[in-house]
Structure formats: C-alpha cells, structure tokens
Amino acid sequence: MIDNVSWQTILETATDFSLLCELYAANATPTDDGFHPSDAIARYAAVKGGLEYLGQPYIGLVKTFGNVNTSMTEVVNNSSVTFSNVSRVISQFEFSEGFEGKILVTRLISRGQSLTLNDSQIIFTGRCDRPTKGDKESLTVYAKS
C-alpha cells in the first residue's frame with residue numbers, strides 16, 4: 001500500500017513513466033524528504049536527448065537499467081545501470097570523478113505529472129562498485145545497498 005495519495009494517483013493515471021539515475025557524493029545524506037536531484041553530482045536518463053525533472057537536466061546516456069534485486073534475508077540488495085559510452089562522457093566521469101563509492105539512486109517519475117519530489121518513487125539506493133565491465137560502446141556500473 002502506498003501512503004502517498006499524489007503518487008498513487010500518478011501510478012494509476014500516467015502513461016509517461018521514466019527511470020532516472022542520479023549519482024551523489026559518497027558522503028551524501030538524504031534530507032527528511034529524501035535525495036534531491038539538485039544535490040546530485042550527475043543525472044542520467046534513458047530518454048534520447050535527455051529530460052528535465054524539478055528543474056534539473058538529465059543526460060540521455062542510460063542504455064539499460066538492470067534488475068533491482070531485493071530481499072528480506074541476509075542477501076545484499078543490488079542493481080546496475082549500463083551507460084552508453086559512445087560520446088565518452090561516461091568514461092570521462094569515471095576518470096575524473098570515479099563511480100566507486102558514489103551513491104546511486106534510481107528514481108521513477110512521470111514526465112508530465114511528477115512536479116514535486118513526492119511525485120516520484122525511489123526504486124533503488126546503493127553504493128557503486130568500481131566498474132569492471134566497459135568498452136568504447138558502454139559501461140556498466142553495479143551498486144549494492
């Protein structure tokens with residue numbers, strides 16, 4: 001059951017959902033309202049040409065979002081994101097900032113109806129591992145919560 005009436009309504013009526021990827025500094029902590037995109041050091045979407053959410057631009061470099069594996073047992077929850085590296089933006093991020101240790105947030109929004117932070121859903125939050133799979137076409141980043 002969802003306690004957020006606004007988000008529940010969006011889930012029932014919207015048809016324009018997008019997953020977003022936000023990267024935060026290793027020492028970032030969420031506010032009472034959660035992680036805010038304006039605090040992210042990088043923002044990416046799986047929409048060609050990118051998009052904007054809460055006044056923040058998201059670069060359209062996500063090729064695929066991996067499954068989010070969650071468990072109530074002692075198994076570590078994990079997820080992954082595969083980025084397009086054709087433009088070399090992602091490899092430049094890896095060489096300058098580095099993914100390892102950064103906080104990865106995967107967020108679901110409605111492109112037309114998500115107008116506040118409450119109008120979104122965090123699907124996954126975890127700490128990035130060092131990328132081990134990448135080439136000139138793509139780079140996959142794995143994270144564990």
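I looked up Glu100 and found it partly exposed, at 46% relative accessibility (buried means under 20% relative accessible area, exposed over 50%, partly exposed in between, with a 1.4 Å probe and protein chains only). The model is predicted: local features need pLDDT of at least 70, side-chain atom pairs count only at pLDDT 80 or more, and totals for chains, interfaces and linings use all residues. Residues are numbered from 1 along each chain as its sequence is written, and side-chain values use heavy atoms, with hydrogens and water left out.

Next I searched for salt bridges (a side-chain nitrogen of Lys or Arg within 4 Å of a carboxyl oxygen of Asp or Glu). The whole structure has three.

I noted Arg130 with Glu100, the closest N and O atoms 3.2 Å apart. Arg130 is exposed at 53%.

I then noted Glu22 with Arg107, at 2.9 Å between the closest N and O atoms. Both residues are buried.

I also noted Lys144 with Asp129, at 3.7 Å between the closest N and O atoms. Lys144 is partly exposed at 44%. Asp129 is partly exposed at 26%.

I checked for disulfides (a pair of cysteine sulfur atoms within 2.5 Å). Cys21 is in none, and its nearest cysteine sulfur, that of Cys128, is 7.4 Å away. Cys21 is buried at 0%, and Cys128 is buried at 3%.

Last, I turned to Ser110. Ser110 is buried, at 0% relative accessibility. Its side chain makes a polar contact of 2.6 Å with that of Asp16 (a pair of N or O atoms within 3.5 Å; within protein, one must be able to donate a hydrogen and the other to accept it, and residues adjacent in sequence count only if both atoms are side-chain atoms).
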